[in-house]
Amino acid sequence: MKIKIARYMGKEVTQKEDIEYEVSLSDATLLEVLNEIKTKQDATLSYSSGCRSSICGSCSMRVNGREVLACAYKVKDGDFVEPMKNSPLIRDLVVDMDRAYEFNAKAKAWQSSIKKGVRLSQENQMLNELQSDCILCGSCYSVCPVYAVNDEFLGPFALTRVWKYISDKRESEPQSKIDAIQTNGVWDCTLCNECTLVCPQGISSKTDIEKLRIRSVASGYSDPSFATSFGSFGGASFDGSPSF
Ligand code: SF4
Ligand code: SF4
């Protein structure tokens with residue numbers, strides 16, 4: 001079986017070369033193949049991995065243009081492996097996710113002090129059970145097309161976490177979280193659903209963002225682009241006269 005890997009080398013990692021490797025493994029995960037290459041063919045190949053069980057989220061990369069966990073993806077002949085997008089490249093398949101994780105802080109994606117005496121119903125617990133499964137693999141961050149035009153976008157996994165805490169009845173400061181996600185946040189998402197398609201945990205950040213929009217509207221916010229387009233809809237101003 002042959003696979004090709006995008007290697008980024010040189011001091012500034014600007015030197016790119018797609019290198020083909022041949023391995024004799026079959027029915028192997030991408031991580032097993034990378035380990036085989038590194039131990040038997042090319043010790044300079046760099047990639048991240050941890051638990052080997054799809055729990056730590058550290059082996060995310062792209063195969064044939066799609067984000068996968070290397071420890072879960074079964075390699076096929078002819079696959080092309082690349083690093084994740086939207087994060088600075090460190091070397092080969094290793095990217096620096098620090099900036100992406102900073103969006104959790106910007107979006108206030110944490111639990112504030114807990115209201116005392118609030119009992120959670122089973123229904124309330126189920127509201128954010130799935131979101132708690134996020135392993136911070138960054139696949140949704142890599143696939144999101146908004147970063148091509150706005151690198152300050154809070155992004156899918158941070159917004160999913162905001163929904164997780166806001167939907168918890170014990171959260172004492174939900175409004176401050178809603179306030180924090182109005183700029184470069186919920187209204188900047190195009191609802192393309194790409195994040196849902198790549199999430200290894202089955203989380204739909206797009207759906208969580210839609211729920212956050214509803215909560216935002218209930219708090220008095222509105223979609224700024226809708227307000228703008230409504231003002232000039234059909235080339236007419238609010239009073240119906242043409243606007244040029
Ligand atoms: S649905 Fe929104 S957050 Fe998800 S990938 Fe598309 S633009 Fe990004
Ligand atoms: S929401 Fe899914 S794709 Fe995004 S970081 Fe969490 S586990 Fe990964």
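The model is predicted: local features need pLDDT of at least 70, side-chain atom pairs count only at pLDDT 80 or more, and totals for chains, interfaces and linings use all residues. Residues are numbered from 1 along each chain as its sequence is written, while chains are lettered from A and ligands numbered from 1 in the order in which they are written.

Start with the whole chain. The C-alpha atoms of the protein chain fill a box of roughly 70 × 55 × 30 Å along the principal axes. The protein chain holds nine helices and seven strands. Both kinds of element are DSSP runs, numbered from the N terminus: helices are H or I with at least four residues, strands are E with at least two. Of the 244 residues in the protein chain, 33% are buried. A residue is buried if 20 or more other C-beta atoms lie within 10 Å of its own, exposed if 12 or fewer, and partly exposed in between, with C-beta atoms placed from the backbone. Among contacts in the protein chain with a separation of 6 or more, 62% join residues 24 or more positions apart. Two residues are in contact if their C-beta atoms, placed from the backbone, lie within 7 Å.

The protein chain divides into domain 1 (2–95) and domain 2 (98–222), with bounds from an automatic or database domain assignment. Their C-alpha centres lie 29 Å apart. At the interface, 13 residues of domain 1 are in contact with 14 residues of domain 2. On the domain 1 side, β4 gives the most, with three residues. That side of domain 1 has five nonpolar, five polar and three charged residues. Here Ala, Val, Leu, Ile, Met, Phe, Trp, Tyr, Cys and Pro count as nonpolar, Asp, Glu, Lys and Arg as charged, and the others, Gly among them, as polar.

Next comes the core. The largest nonpolar core has 50 residues, and L30, A70, L159 and V162 have the most contacts inside it. Such a core is a set of buried Ala, Val, Leu, Ile, Met, Phe, Trp, Tyr and Cys residues joined through C-beta atoms within 7 Å. The elements that give two or more residues to this core include β1 (2–9), α1 (30–40), β4 (66–69), α5 (156–166) and α8 (205–218). Of the elements, α5 gives the most to this core, with seven residues. Domain 1 and domain 2 both give residues to this core, so it lies between them. L159 shows the packing in detail. Leaving out residues up to four places away in sequence, L159 touches A107, L154, I181, G185, V186, S205, D208, I209 and L212.

Now the ligands. Around ligand 1 there are 15 residues, and the closest are C144, C189, C192, C195 and K206. A residue counts as near a molecule if its C-beta atom, placed from the backbone, lies within 6 Å of it. The elements that give two or more residues to this shell are α7 and α8. The largest share of the shell around ligand 1, three residues, comes from α8. By class, that shell has ten nonpolar, three polar and two charged residues.

Ligand 2 has 17 residues around it, of which C134, C137, C140, F157 and C199 come nearest. Two or more residues each come from α4 and α5. The most come from α5, with three residues. The shell around ligand 2 has eleven nonpolar, six polar and no charged residues.

Return to β4. Strand β3 (residues 60–63) runs antiparallel to β4, and four bridges join them. Strands pair if DSSP finds at least two bridges between them. V63 has R66 in β4 as its bridge partner. The hairpin of β3 and β4 has two residues between the strands, and N64 takes a positive phi near 50 degrees.

The loop between β4 and β5 holds A72. With 14 C-beta neighbours inside 10 Å, A72 counts as partly exposed. A72 touches T29, S54 and P200, not counting residues up to four places away in sequence. The C-alpha atoms of A72 and C51, 21 residues apart along the chain, are separated by 11 Å.

K76 lies in the loop between β4 and β5 (80–82). K76 counts as exposed, because it has 11 C-beta neighbours inside 10 Å.
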